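Visitor: Could you show me the model, and then walk me through a few parts of it?

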Amino acid sequence: MWTLWEPGSMTNQEMLASMLTVASHGKEVLHGQALGGKPIFFIVGDEPSQRDFLIGRPFSGPLGPVLSSAMMTLEKAYAATPDDCYLTYVVKSIFKPGELTEDMVMKEWVPAIQLEYALSGCSKLVAVGKMARALAPQLTVKPVLLETPHRPVLERAKQAWKILLNGVA
């Protein structure tokens with residue numbers, strides 16, 4: 001269930017926060033984090049672990065070694081440092097087995113991660129995990145941003161969301 005906001009009433013960051021609140025179904029949300037000033041690499045995993053929540057940072061749990069391996073590859077190929085990275089997950093809450101459906105991921109989490117990717121300013125996506133790799137082509141679609149929305153921009157944004165959710169215009 002989505003609410004239509006009045007033009008000018010919400011920034012992109014507020015819209016993302018609202019989308020994450022809806023998608024999390026009342027569960028705690030682990031937000032993505034830039035490790036430095038202006039990230040280049042958007043590193044996205046599947047979903048957080050309890051340890052990620054305990055420490056308060058993505059990839060601090062079981063996926064930590066996978067992140068280390070990805071960072072070594074980025075360092076060799078691009079001379080990247082941790083400051084060049086933004087860390088996040090497709091799903092930002094912990095769900096019990098069977099609670100999270102494919103429909104929830106596609107309709108609630110994917111649009112939120114697309115907006116997060118667009119807002120991060122990153123130019124390269126690194127998918128870590130089975131779900132993130134499968135969704136990677138869809139995650140790089142950048143939605144219309146609404147920094148100073150007015151009626152025509154709002155209409156284009158609604159059309160963009162319709163395309164993102166349904167795959168058709």
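This is a predicted model: local features need pLDDT of at least 70, side-chain atom pairs count only at pLDDT 80 or more; totals for chains, interfaces and linings use all residues.

Visitor: Okay, is strand 2 buried or exposed?

Guide: Five of the five residues of strand 2 (residues 41-45) are buried, where buried means under 20% relative accessible area with a 1.4 Å probe, protein chains only; strands here are DSSP runs of E, at least two residues, and helices are runs of H or I, at least four, numbered from the N terminus.

Visitor: And which residues sit on each face?

Guide: F41, I43 and G45 lie on one side, with F42 and V44 on the other.

Visitor: Which strands does strand 2 pair with, and in what sense?

Guide: Strand 2 pairs in the parallel sense with strand 3 (residues 85-89) over five bridges and, also in the parallel sense, with strand 4 (residues 124-127) over four bridges, given that pairing needs at least two DSSP bridges. The partner of G45 in strand 3 is Y89, and the partner of F42 in strand 4 is L125.

Visitor: Switching topic, where is S60?

Guide: S60 is in the loop between helix 2 (50-55) and helix 3 (64-78), and S60 counts as buried because its relative accessible area is 12%.

Visitor: What does S60 touch?

Guide: Leaving aside residues up to four places away in sequence, S60 touches R51, D52 and I55, where contact means heavy atoms within 4.5 Å.

Notes:
Residues are numbered from 1 along each chain as its sequence is written. Side-chain values use heavy atoms; hydrogens and water are left out. Buried means under 20% relative accessible area, exposed over 50%, partly exposed in between (1.4 Å probe, protein chains only).
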